[in-house]
Amino acid sequence: MNEETKIQRPDEEVIIEIKGMHKWFGDFHVLRDIDLEVRKRERIVICGPSGSGKSTLIRCINRLEEHQRGDIIVDGIALTNNVKNIEKIRAEVGMVFQHFNLFPHLTIVENLALGPIWVRKIPKKEAEETAMYYLEKVQIAEQAQKYPGQLSGGQQQRVAIARSLCMAPKVMLFDEPTSALDPEMIKEVLDVMIELAQEGMTMIVVTHEMGFARSVAHRVMFMDFGKIVEENTPEAFFNNPQHERTKLFLSQILH
Amino acid sequence: MKTADATIEQQPPEPEEDIRPPVTQIGVIGWVRANLFNGWFNSVLTLVTLYGLGKIAPPFFRWAFIDSVWLTDGRACRAAAGACWSVVTSNFRFIIFGFYPYELHWRPLAAMLLLFALLFYSRDRKHWKKSLLYLWIGGLCIMGLLMRGGLLGLEPVESTRWGGLPLTLLLSVFGLTAAYPLGVLLALGRQSRLPGIRYLCIVYIEMIRGVPLISLLFMGSIIFPLFLPEGITINKILRAQVAIILFTAAYIAEVVRGGLQGMAKGQYEAAESMGLNYFLTMRLIILPQALKIIIPPTVSILISAFKDTSLVVIIALFDVLKTSQTVLSNPEWMGFSPEVYIFVAILYFLGCFSMSGYSRRLERELDTG
Ligand SMILES: Nc1ncnc2c1ncn2[C@@H]1O[C@H](COP(=O)(O)OP(=O)(O)OP(=O)(O)O)[C@@H](O)[C@H]1O
Ligand SMILES: [Mg+2]
């Protein structure tokens with residue numbers, strides 16, 4: 001990979017802006033005073049121990065979770081209870097889940113074409129062509145007519161990524177996309193994500209795949225107890241962590 | 001950097017020879033052994049059942065077929081030792097059509113045939129398009145016209161004279177097809193985030209489930225008209241129809257709610273995260289899956305609703321069960337109730353069995369592994 005683009009944050013406009021954001025589940029303070037700015041084409045990796053609020057943070061960005069204090073502005077639109085705005089933002093923000101969440105009653109190509117047809121109002125034929133294009137891209141076109149239940153985990157996750165891409169999103173969120181996969185399938189999914197990174201997709205990735213973080217991230221963030229404890233370039237983050245918690249976490253995860 | 005190599009699908013190694021799966025069942029004897037005599041308990045059960053069948057089946061067969069009479073009058077029937085199917089054959093048209101004018105029986109017959117044709121055509125999922133809806137609407141108009149008359153030179157027939165099988169089919173086919181979507185809406189309403197809608201649905205569902213269908217029919221036919229202004233009457237069949245729809249919908253709603261609760265949260269999240277709104281999420285993602293899971297309990301409800309249409313006798317509608325009973329009150333045919341009821345049972349069985357058979361087929365077709 002090209003070294004400068006890796007370390008240097010892209011010099012572009014901000015697409016996601018989170019300011020002083022808090023979230024509670026009942027009395028439980030999951031996210032505390034989160035500040036985060038993501039620029040276009042920027043790639044961020046978030047890691048941290050289980051329960052630290054990583055999933056909750058990225059789920060707030062497309063309002064699968066509702067924050068209670070502070071502001072989240074995505075693509076110029078502030079997230080409030082305005083349903084139309086939420087739907088608009090969701091159409092621009094793709095999300096890939098740990099457990100794929102493909103629609104089991106639809107074929108692969110129908111899974112992909114559904115969003116473009118119903119959200120983007122693209123004619124069915126065109127949407128299916130787009131679907132096939134992205135299936136080619138994730139190397140799975142020959143499975144187009146199968147159902148999700150007939151595919152391996154790695155294949156399903158690649159389909160899920162392709163499904164998000166079909167919507168031509170401006171940002172992609174990944175919530176531990178490889179942690180439900182068998183080891184031999186992790187690489188095929190990471191390869192797709194790396195390719196996406198090279199094409200300049202804006203990505204926020206929750207993952208413990210540190211090799212991936214090193215090679216594609218502009219910034220790595222470490223979360224603990226609902227706070228962003230440390231953030232740095234991958235180089236600095238892995239070679240010279242500042243906080244005790246980060247050191248402990250890295251020693252556990254890197255053995 | 002080239003990243004494609006990892007994702008190329010591997011070719012499976014060429015098999016050296018074709019190995020067929022092992023044979024697990026060897027002919028009739030293998031089947032009998034595997035299914036009827038596997039273990040002492042099942043062997044005993046099989047023997048007991050065979051003994052029981054041997055005791056019951058031959059006499060019944062003798063009564064129903066060998067000694068039976070089919071096309072005689074009542075007096076000849078009383079002389080016969082076996083079943084008197086003549087009670088059904090001689091009164092066939094009355095049992096089926098009730099008090100519908102005799103010389104106009106072809107009209108309800110044509111309406112029923114049209115209904116069967118439509119049902120048969122709709123079985124195939126390939127035909128589930130918008131055009132099918134128009135086909136049904138057109139079919140309904142023609143059926144209504146055939147039953148009512150009054151247009152195109154068809155003699156008008158008061159709905160008070162409708163009866164028999166057409167009435168049973170009318171009440172059940174429309175009762176069930178209207179109750180199903182209503183039940184789905186109620187289930188969605190019960191899960192609504194808007195408290196007004198939610199409580200309305202809860203109250204409705206719980207109230208309806210708290211009373212027997214008979215009392216709803218009574219209310220519809222006796223109490224409800226008291227509140228209508230003088231001179232206005234609403235067709236009795238329509239009132240019974242509405243009662244059946246309202247009643248069945250409440251039960252369907254609860255089954256659908258069960259199906260909705262069984263859906264994984266990830267399905268909602270995946271749908272919402274690509275910007276689908278509530279209605280599209282429900283229509284495209286959640287309901288197709290939830291309704292599929294609940295096919296078996298739904299069909300149970302539909303089958304019992306079909307049979308419950310026979311309760312309309314208590315508000316003096318002549319459905320097929322009532323026309324059969326009426327035959328038995330004729331002195332000539334008095335006392336032949338087993339034959340008549342067996343006949344009616346067969347009619348109901350055909351209806352119920354085709355529903356459950358169709359539902360099993362649908363489940364198979366919708367199975368996506
Ligand atoms: N819907 C919810 N209601 C109540 N508490 C929740 C809910 N979702 C998450 N939590 C809690 O919030 C905390 C943060 O959860 P979150 O899923 O964001 O953690 P995470 O960092 O993604 O962890 P993991 O690595 O295990 O996925 C956890 O303690 C979790 O128990
Ligand atoms: Mg998580």
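**View 1. A salt bridge joins the side chains of B:Glu269 and A:Arg59.** In this predicted model, the nitrogen-to-oxygen distance between B:Glu269 and A:Arg59 is 2.6 Å. The count of salt bridges between chain A and chain B is 1, while the number of residue pairs in polar contact across this interface, with both residues at pLDDT 80 or more, is 5. Side chains of opposite charge can pair when their charged atoms come close.

**View 2. The side of chain A that touches chain B draws on several helices and a strand.** At least two residues of this side come from each of α3 (83-92), β6 (93-96), α4 (108-118), α6 (153-166) and α7 (183-198) of chain A. Of these contributions, the largest share is that of α7(A), which supplies 6 residues. Sorted by class, the side of chain A that touches chain B consists of 14 nonpolar, 9 polar and 10 charged residues. The contact as a whole involves 33 residues from chain A and 28 residues from chain B, and the area buried between the two chains is about 2600 Å², with carbon and sulfur atoms giving 59% of it.

**View 3. Residues of chain A form the shell around ligand 1.** The surrounding residues are A:Phe25, A:Phe28, A:Val30, A:Pro49, A:Ser50, A:Gly51, A:Ser52, A:Gly53, A:Lys54, A:Ser55, A:Thr56 and A:Glu176. By class, this shell divides into 4 nonpolar, 6 polar and 2 charged residues. The largest share of the shell, 3 residues, is contributed by α2(A).

**View 4. Oxygen atoms of ligand 1 lie by polar atoms of A:Gly53, A:Lys54 and A:Ser55.** For A:Gly53, a polar backbone atom is 3.0 Å from an oxygen atom of ligand 1. For A:Lys54, the atom concerned is an N or O atom of the side chain, at 2.8 Å from a ligand oxygen, and for A:Ser55 a side-chain N or O atom is 2.5 Å from an oxygen atom of ligand 1. Taken alone, ligand 1 exposes 630 Å², of which the protein buries 60%. The elements that give two or more residues to the shell around ligand 1 are β2 (28-39) and α2 (54-61) of chain A.

**View 5. A salt bridge within chain A pairs A:Glu12 with A:Arg41.** The closest N and O atoms of A:Glu12 and A:Arg41 are 3.7 Å apart. This pair links distant parts of the chain, 29 residues apart, with A:Glu12 in the loop between α1 (3-7) and β1 (14-25) of chain A and A:Arg41 in the loop between β2 and β3 (43-47) of chain A. Over all chains, a search of the whole structure finds 29 salt bridges.

How values were computed:
Residues numbered from 1 in each chain as written. Chains lettered and ligands numbered in written order. Predicted model: local features only at pLDDT ≥ 70, side-chain atom pairs only at ≥ 80, totals over all residues. Heavy atoms only, no water. Contact = heavy atoms within 4.5 Å. Buried area = accessible area lost by both parts, 1.4 Å probe. Salt bridge = Lys/Arg side-chain N within 4 Å of Asp/Glu carboxyl O. Polar contact = N/O pair within 3.5 Å; in protein donor to acceptor, adjacent residues only side chain to side chain. Helix = DSSP H or I, 4+ residues; strand = E, 2+ residues; numbered from the N terminus. Nonpolar A, V, L, I, M, F, W, Y, C, P; charged D, E, K, R; others polar. Near = heavy atom within 4 Å. Areas by Shrake-Rupley, 256 points an atom, 1.4 Å probe, with all protein chains shown as cover.
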